[in-house]
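Please keep the sequence and the 3D view open while reading.

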Amino acid sequence: MADWNPALYTRFEDERTRPAAELLARVPLDRPRLAYDLGCGPGNSTALIAERFPDAEVVGLDTSPAMLESARVRLPGLAFALADAETWAPERAPDLIYANAVLQWLPDHPALLPRLFGLLGPGGVLAVQMPDNLAEPSHRLMRETASAGPWAAAIGDPAVAGRLGRMLDPAGYYDLLAPLAADVDVWRTAYHHPMADAAAIVDWVRATGLRPFLDPLDPDQAAGFLAAYETAIDTGYPRRSDGLRLLAFPRVFIVARKGG
């Protein structure tokens, strides 16, 4: 997959940072010594962790060199490193593993989340937030557009590109972690973001969920796909009473604390 675009991602930074802040607010720690931000992106979530826990060693991890460079410019006093959450293991057991909007990209959650939880030190916390929007018009229309044009062969199976079947429901995550944890808090929230028009919704998802659909395409195919997708989005998200579109965005949150 092509590298991430920090400028495109941060175009809606306030909206993307809100669930990160709400996840962090539910972390039951007072003075953690070591915290890792998995999938730190351009550092917006890392900044929240460092602000709440100023005495902690905070390390941001990401697979994107571009995102890490943006984070280093933003937070020159913090450490950032290239790492993949699927295989990463710290040298010291952390007090907090925080993963905001990253684990939905990875497969095999029944193995992944217990593995990450097991890396914590005694009393440590795993805090996870993941978009749960694959059934929303934004993502359903991605798959429909991918299967209905001259770009279909290049994209392949829209269900694979769209990561269908990777996530569990909230009860599934609870059942996965409850036998391992001292306590588990799971919840699901749907945000409703006012957007200027269909093009703004396309810009939002171009930075994230649309990437696996666009990466295999040449420039002409990508332009054709985006035009067809924007037309579908224009119908899928009708204008509201003020002329704006309302982008519903469900997210799943998990906070699991280790005993000890």
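## Burial and the model

A residue counts as buried when its relative accessible area is under 20%. The model is predicted. By that cut-off, Trp-187 and Phe-253 are both buried.

## Overall fold

The chain contains 12 helices and 7 strands. Its radius of gyration is 19 Å, close to the 18 Å that the globule rule gives for 260 residues, so the chain is as compact as a globular protein of that length. Along the principal axes, the C-alpha atoms fill a box of roughly 55 × 40 × 40 Å.

Of the 260 residues, 51% are buried. The chain exposes about 11300 Å², and carbon and sulfur atoms supply 52% of that area. Among contacts between residues at least 6 apart in sequence, 76% join residues at least 24 apart.

## The Trp-187 and Phe-253 pair

A pair of aromatic rings is described by the distance of the centres and the angle of the planes. The structure holds 6 aromatic pairs. One of them is formed by Trp-187 and Phe-253, which are stacked at 4.8 Å centre to centre with 5° between the planes. This pair links distant parts of the chain. Trp-187 belongs to strand S6 (residues 183–195) and Phe-253 to strand S7 (residues 245–257), 66 residues apart.

Which residue lies over the face of Trp-187? Arg-26 does, at 4.0 Å from the ring centre. Trp-187 is thus listed both in the stacked pair with Phe-253 and under Arg-26.

## The Phe-213 and Phe-225 pair

Another aromatic pair joins Phe-213 and Phe-225. These rings are stacked, with 6.3 Å centre to centre and 15° between the planes. Phe-213 lies in helix H11 (residues 211–214) and Phe-225 in helix H12 (residues 219–236), so the pair ties together parts that are 12 residues apart in sequence. Phe-213 is buried, as is Phe-225.

Which residues form one aromatic cluster with Phe-213 and Phe-225? The cluster also takes in Trp-151 and Tyr-229.

## A charge over Phe-249

An arginine is also placed over the ring of Phe-249: the charged end of Arg-251 sits there, 4.0 Å from the ring centre.

Technical notes
Residues numbered from 1 in each chain as written. Predicted model: local features only at pLDDT ≥ 70, side-chain atom pairs only at ≥ 80, totals over all residues. Heavy atoms only, no water. Phe/Tyr/Trp six-rings, centres within 6.5 Å; stacked < 30°, edge-to-face > 60°. Helix = DSSP H or I, 4+ residues; strand = E, 2+ residues; numbered from the N terminus. Buried < 20%, exposed > 50% of the residue type's maximum accessible area, 1.4 Å probe, protein only. Lys NZ or Arg CZ within 6 Å of the ring centre and 35° of its normal. Rg over C-alpha atoms; globule rule 2.2 N^0.38 Å. Contact = heavy atoms within 4.5 Å. Areas by Shrake-Rupley, 256 points an atom, 1.4 Å probe, with all protein chains shown as cover.
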